[in-house]
Amino acid sequence: MRPRRRRDRGFSLFIVLMLITVMVGVAATVILSTQQDLSVAGQDREALSAFYAAEYAAARAKDFLAGAVAADGITPASFAAGGGWTPILAQLTAAGAPEGCATGPTTASARMPWQSLDATTRWTYCIHNNADDLAYVDPGGSAPPGCVGKSADACDERDPSHVLTIEAWGAYAGAQAHVAVDVASPSLKTAAWRQY
Amino acid sequence: MRARGTTLIEVMISMALVLVGMLALFRVLGTSIRGSATASHFSQAELRAETLIEAIRMAPPAALTCLTTTAPASWSTCGASFALGASTDRNGQAYVLDGKSRVVAGGASGNFYDVTVVVGFTDDAYHSVALRTGVYP
């Protein structure tokens with residue numbers, strides 16, 4: 001009897017240790033699951049805030065274009081007859097205007113430094129001639145005529161639909177959003193919208 | 001006799017350890033349930049803020065002008081879509097349009113609207129979700 005009892009001694013402690021191990025496992029799983037829930041909800045909010053900051057930037061770009069249209073005295077009639085966005089593209093490409101893009105239409109990047117919307121949200125934008133413009137697609141072509149001696153970045157004369165592209169970026173904490181908006185008239189109504 | 005006493009002490013220590021472990025586990029579970037509920041409330045508030053900000057983005061200029069001159073609590077007078085929608089969720093949690101929400105006209109053209117929508121809720125404390133964007137109608 002004695003030797004068996006000695007072997008049994010400590011058995012309940014062993015069971016308790018096993019139970020505690022299981023409980024620690026359950027607790028760890030629950031904590032990890034909750035942290036994941038909170039993290040996903042946080043990432044959603046960051047992405048949404050970055051998206052709306054990009055939309056804010058696009059609206060600011062339209063506001064800038066409205067000011068430029070008014071300053072240049074562009075009307076729907078003069079727009080259709082006089083080379084569309086050419087006067088404004090000329091301003092955007094000249095002297096490194098902050099509203100113009102630093103690189104070409106397919107890999108556009110902003111010259112304008114990031115602007116703060118609040119402590120954690122930033123935005124920026126740039127405006128360029130649309131990448132489908134014939135001045136890019138068919139450089140040196142003559143139908144329709146126009147853009148002789150002008151850079152495609154600064155000439156909208158050969159594009160009958162007169163499309164201008166706004167590239168807008170927003171950032172919130174670790175999330176970033178990029179949208180592109182096409183406008184095709186001085187009224188600045190959105191003709192096309194893309195999100196990258 | 002000595003052996004019997006040892007077993008009793010052993011059982012008492014074991015029960016004490018299990019009790020402490022279970023108390024800790026219940027505490028963790030309680031915290032976790034509260035954390036999950038708060039995450040869900042944030043998601044619900046975010047959904048309401050997003051719905052409202054989308055309605056404002058699609059709004060005609062006259063409605064935007066109305067929003068600029070109206071307190072957030074009365075935005076629904078500018079259009080039914082500017083109300084917060086369901087003010088409580090399935091679990092009875094209430095959501096409110098925070099007074100910090102605003103629509104401000106400005107910009108170089110005077111046709112730019114700076115829109116902030118803040119949706120708040122109170123569970124163990126007051127929390128809010130703020131979304132801000134710009135609209136050029």
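Author: Let's start with pairing: two strands pair if DSSP finds at least two bridges between them. This is a predicted model, by the way.

Reader: So how do you know that strand E3 (residues 164-172) of chain A and strand E4 (residues 175-183) of chain A pair?

Author: They share nine bridges, in the antiparallel sense. The cut-off is at least two bridges, so they count as a pair.

Reader: What sits between E3(A) and E4(A) in their hairpin?

Author: Two residues, and Ala173(A) in the turn has a positive phi of about 50°.

Reader: What makes E4(A) and strand E5 (residues 190-195) of chain A a pair?

Author: Five bridges, again antiparallel. Since a pair needs at least two, the label therefore holds here as well. Ala180(A), for instance, stands opposite Arg194(A) in E5(A). Their hairpin has six residues between the strands, and Leu188(A) takes a positive phi near 65° there.

Reader: In what order do the strands of the open sheet in chain A come?

Author: The order is E1-E2-E3-E4-E5, five strands with antiparallel pairing.

Reader: Why is one side of E1 and of E5 in chain A left without a neighbour in the sheet?

Author: Strand E1 (115-116) and E5 stand at the edges and have a single partner strand each, so one side of each has no neighbour in the sheet.

Reader: Which helix lies across E3 and E4 of chain A?

Author: Helix H2 (residues 11-72) of chain A, which also lies across strand E2 (121-129) and runs at about 145° to E3(A).

Reader: How many residues does each chain bring to the contact?

Author: Chain B brings 33 residues and chain A brings 33 residues. On the chain B side, helix H1 (2-57) and strand E4 (126-135) of chain B are the elements giving two or more residues. H1(B) gives the most, with 21 residues. By type, that side of chain B divides into 17 nonpolar, 12 polar and four charged residues.

Reader: Where in chain B is confidence lowest, and where is it highest?

Author: It's lowest in H1(B), at a mean of 85, and highest in strand E3 (residues 112-122) of chain B, at 96. Chain B as a whole has a mean pLDDT of 89, with 96% of its residues at 70 or more. For the complex, the predictor gives an ipTM of 0.84 and a pTM of 0.85.

Note on methods:
Residues numbered from 1 in each chain as written. Chains lettered and ligands numbered in written order. Predicted model: local features only at pLDDT ≥ 70, side-chain atom pairs only at ≥ 80, totals over all residues. Contact = placed C-beta atoms within 7 Å. Helix = DSSP H or I, 4+ residues; strand = E, 2+ residues; numbered from the N terminus. Nonpolar A, V, L, I, M, F, W, Y, C, P; charged D, E, K, R; others polar. pLDDT = per-residue confidence, 0-100. Axes fitted to C-alpha atoms, helices over the stretch in contact; angles between N-to-C directions.
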